[in-house]
Amino acid sequence: MTRMTEHPQGLELAHLPRLPDGEVRHLWVNDFWDGPLEGLAEYHGERCLYVVAEPDRIAAHDEERRWVLYRLTAEQLREEEHWQALFVLHVGGNPGQTGAAAGERHPELFYEPYQAQYRPPRLAREQALGWFDAFTP
């Protein structure tokens, strides 16, 4: 289920700073295709959204994946955290997260409301902090 967040109109990677290696710590994945496309990461103690920088290059034979990191508004962050908590509760978590045990999973309790209600955040260019090409575990 792909529901990629769109980059703001006119955003150009060349006009954003490259974030230093080791400063973006991966938290969770919202969307995945042969690697993370979108999710949340921590940058200088702040939870931020990352979105694959060049979605038209996904799965290209010479793809070198990069992501744009966005500062979220308080409301956008609450929304992302809400859906992640619901996912962990009913589907299970990423390694290191507590969540539904294998016998207690009810994925429909996440996916049905998610498909009906989730709307990707509308991002503004001013929210873009920079781009990166590697996470810190």
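User: What makes phenylalanine 132 count as in contact with other residues, and which ones are they?
Analyst: Contact means heavy atoms within 4.5 Å. Leaving aside neighbours within four places in sequence, phenylalanine 132 is in contact with Leu19, Val24, Tyr50, Arg66, Trp67 and Leu69. This is a predicted model, so local features need pLDDT of at least 70, side-chain atom pairs count only at pLDDT 80 or more, and totals for chains, interfaces and linings use all residues. Residues are numbered from 1 along each chain as its sequence is written, and side-chain values use heavy atoms, with hydrogens and water left out.

User: Why is something called a nonpolar core?
Analyst: The term means a set of buried Ala, Val, Leu, Ile, Met, Phe, Trp, Tyr and Cys residues joined through side-chain atoms within 4.5 Å; buried is under 20% relative accessible area with a 1.4 Å probe, protein chains only. The largest one here has 28 residues, and Leu16, Val24, Tyr43, Val68, Leu69, Tyr70 and Phe132 touch the most other members. Strands β1 (24-32), β2 (36-43), β3 (46-52), β4 (67-71) and β5 (128-132) each give two or more residues to this core, with the largest share, five residues, coming from β3.

User: What makes a run a helix or a strand, and how many are there?
Analyst: They're DSSP runs: H or I of at least four residues for helices, E of at least two for strands, numbered from the N terminus. The protein has two helices and five strands, in the order β-β-β-β-α-α-β.

Terms used:
Buried < 20%, exposed > 50% of the residue type's maximum accessible area, 1.4 Å probe, protein only.
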